[in-house]
Amino acid sequence: MKKNWWKIIAVVFVLYTIIAGFIFRVPAQPILHESIRNLYFHVPMWFSMMTILFVSVFHSIKYLSNSTIESDIAASQAAHTGMLVGALGLITGSIWARYTWGAWWVADTKLNGAAITMLIYMAYFVLRGSLDEDQKRARISAVYNIFAYVMLVVFLMILPRMNDSLHPGNGGNPGFNKYDLDSNMRMVFYPAVIGWILLVVWIFTLRVRLEKVKRKILFND
Amino acid sequence: MIKYSKNILSLALILLTTGVFAQSVNAPIDMADGLYQSGKIYVVVTVLTVIFIGIVIYLILLDRKISKLEKEIKNK
């Protein structure tokens, strides 16, 4: 129980945002209406994806310096978990776009950037699947993973800010920080981000432990 | 069920759009105030809470299962 305190924080924070996210007052905005509450659920998906993919690239770099298979397991499982939240972010964003911008998908730098990022990480798994030897797979995919994370930063953070974009916070568009002048939304949004990040880290640690158990049973190493 | 789930989902989402068109520029912005007065938003909050708690229980059980496996391997 002692070392599980952060899991409790994760659950309490997300539970709090689910309840407070619906009940607390939000600023009235045209077009957005009550859908502004999506901020508490859609945006933390991306925050947690970027965090867990950073964990992934951290372990990839660690692998390149120490060559232990544990680092490779951590890197690949973190990338897997990142794809879970990334997919949820894409789907929830698409639903939100349908009812505010009027289309499931628009050819927007932010949206296409997010989709391309997902494809880059799909290629990471294809690359892993195509190499049989453990050390070779770990080394090559670690190098690719570094490239993938750099591309993520370019596609999600840099390019959308340099071009016109419908997405809030990009291309001269105000982010939501403009709307929560009374800081009411921050009281839900920040715990939401922390809660989801911790929850995703929990799922990631489960995946890593399961993979290690699997390896012990199958290969006895 | 899977065969029709797409249609049901589309229908549900189309129904959701009906409220979106009912606004002009100067009209007061619609917020779900009525829902708050009648208290029915709490139904949604409760449903989501139940779903989330369900997922958390699932994660806890998974966590324990893996811990058990790890112990078994250690003792072998």
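**Note on a predicted model: salt bridges, helix packing and confidence**

1. The side chains of A:K7 and B:D63 form a salt bridge, with N and O 2.7 Å apart; a salt bridge is here a side-chain nitrogen of Lys or Arg within 4 Å of a carboxyl oxygen of Asp or Glu. The pair runs between chains, from helix α1 of chain A, which holds A:K7, to helix α3 (residues 41-75) of chain B, which holds B:D63. Helices (H or I, at least four residues) and strands (E, at least two) are DSSP runs, numbered from the N terminus. A:K7 counts as buried at 9% relative accessibility, and B:D63 is buried with a relative accessible area of 9%. Buried means under 20% relative accessible area, exposed over 50% and partly exposed in between, with a 1.4 Å probe and protein chains only.

2. On conventions, this is a predicted model in which local features need pLDDT of at least 70 and side-chain atom pairs count only at pLDDT 80 or more, whereas totals for chains, interfaces and linings use all residues. Residues are numbered from 1 along each chain as its sequence is written, chains are lettered from A and ligands numbered from 1 in the order in which they are written, and side-chain values use heavy atoms, with hydrogens and water left out.

3. The structure holds nine salt bridges over all chains. Side chains of opposite charge can pair when their charged atoms come close. Within chain A, A:R215 is paired with A:D134, the closest N and O atoms lying 3.3 Å apart. Because A:R215 belongs to helix α6 of chain A and A:D134 to helix α5 (residues 134-162) of chain A, this pair ties together parts 81 residues apart in sequence. A:R215 is buried, with a relative accessible area of 9%, while A:D134 counts as partly exposed at 29% relative accessibility.

4. A:R215 also meets A:E211 in a salt bridge (4.0 Å, N to O). These two residues are four apart in helix α6 of chain A, so about one helical turn separates them. A network of salt bridges links A:D134, A:R137, A:E211, A:K214 and A:R215.

5. Helix α1 (residues 5-23) and helix α6 (residues 186-219), both of chain A, have axes that come within 8 Å and cross at roughly 140 degrees. Axes are lines fitted to C-alpha atoms, for helices over the stretch in contact, and angles run from 0 to 180 degrees between N-to-C directions. The angle makes α1(A) oblique to α6(A); angles under 35 degrees count as roughly parallel, over 145 as roughly antiparallel, 65 to 115 as roughly perpendicular and the rest as oblique. By class, the contact of α1(A) with α6(A) has 18 nonpolar, four polar and two charged residues. Ala, Val, Leu, Ile, Met, Phe, Trp, Tyr, Cys and Pro count as nonpolar, Asp, Glu, Lys and Arg as charged, and the others, Gly among them, as polar.

6. Chain A comes to six helices and zero strands. Of its 221 residues, 48% are buried. A:I36 lies in the loop between α1 and α2 (42-66) of chain A and counts as buried at 0% relative accessibility. The C-alpha atoms of A:I36 and A:V26 are 7.5 Å apart in space, the residues being ten apart in sequence.

7. Chain B has a mean pLDDT of 74, and 59% of its residues reach 70 or more; pLDDT is the predictor's confidence in each residue, from 0 to 100. Among the elements of chain B, helix α2 (residues 33-38) has the lowest mean pLDDT (58) and α3(B) the highest (87).
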